[in-house]
Amino acid sequence: MHVLVELWKARPAWTALAEADRGDYVAQLGPAIQQLMGLGIEIVAFAENTDPSPQKAGYDYLAVWTMPDASAVDTFHAAVTQAGW
């Protein structure tokens, strides 16, 4: 099993979106995520980094995934690239 932790910063285009538009975008990702889950890729957690302290890490969001093997990791990265995440 492989564990993948994604850390990312929101792009200006994302922060400019209204909350409803963000929800619409995330909903569009549903089929792609379902397809990944069919390959044994599982979502462990998604989170927004809302830490107000001066020690806040330099990212806005994180996701933790588990994957059955290295091939699934490659498939995951290809899907992320294709989706423009």
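What percentage of the 85 residues in the protein chain do buried residues make up? I get 21%, with buried meaning under 20% relative accessible area, exposed over 50% and partly exposed in between (1.4 Å probe, protein chains only).

Ground rules before I go on. This is a predicted model, where local features need pLDDT of at least 70 and side-chain atom pairs count only at pLDDT 80 or more, while totals for chains, interfaces and linings use all residues. Residues are numbered from 1 along each chain as its sequence is written, and side-chain values use heavy atoms, with hydrogens and water left out.

**Overall fold.** I looked up the secondary structure and found three helices and three strands, in the order β-α-α-β-β-α along the sequence. Helices (H or I, at least four residues) and strands (E, at least two) are DSSP runs, numbered from the N terminus. The C-alpha atoms fill a box of roughly 35 × 30 × 20 Å along the principal axes. For contacts (heavy atoms within 4.5 Å), I took those with a separation of 6 or more: residues 24 or more positions apart account for 67% of them.

**Surface and charge.** The accessible surface of the protein chain is about 5800 Å², and 57% of that belongs to carbon and sulfur atoms. These areas are Shrake-Rupley with a 1.4 Å probe; for residues, only the protein chains shown count as cover. I also checked the charges: the mean positions of the 4 positive and 10 negative ones are 11 Å apart. Lys and Arg count as positive, Asp and Glu as negative, and His and the chain ends are not counted; each charge is placed at NZ of Lys, CZ of Arg, CG of Asp or CD of Glu.

**Core.** Which residues make up the largest nonpolar core? I list Leu4, Leu36, Ile41, Ala63, Trp65, Met67, Ala72, Val73, Phe76 and Val80, 10 residues in all. A nonpolar core here is a set of buried Ala, Val, Leu, Ile, Met, Phe, Trp, Tyr and Cys residues joined through side-chain atoms within 4.5 Å. Both β3 (61-67) and α3 (70-83) supply at least two residues of this core, and α3 gives the largest share, four residues.

**Aromatic pairs.** Searching the whole structure turned up four aromatic pairs. Rings of Phe, Tyr and Trp (its six-membered ring) pair if their centres lie within 6.5 Å; planes under 30 degrees apart are stacked, over 60 edge-to-face and the rest tilted. Trp14 and Tyr25 pair edge-to-face, at 5.9 Å centre to centre and 70° between the planes. Trp14 sits in α1 (residues 12-15) and Tyr25 in α2 (residues 19-37), so this pair ties together parts 11 residues apart in sequence. Tyr25 is partly exposed at 28%. Elsewhere, ring pairs link Phe46, Trp65 and Phe76 into a cluster.

Tyr59 is in the loop between β2 (42-48) and β3. Leaving out residues up to four places away in sequence, Tyr59 touches Leu7, Trp8, Lys9 and Asn49. In helix α3 I checked Thr75, which is partly exposed at 32%. With the sequence neighbours up to four places away not counted, Thr75 touches Leu36 and Leu39; the C-alpha atoms of Thr75 and Leu39 are separated by 9.1 Å, at 36 residues apart along the chain.
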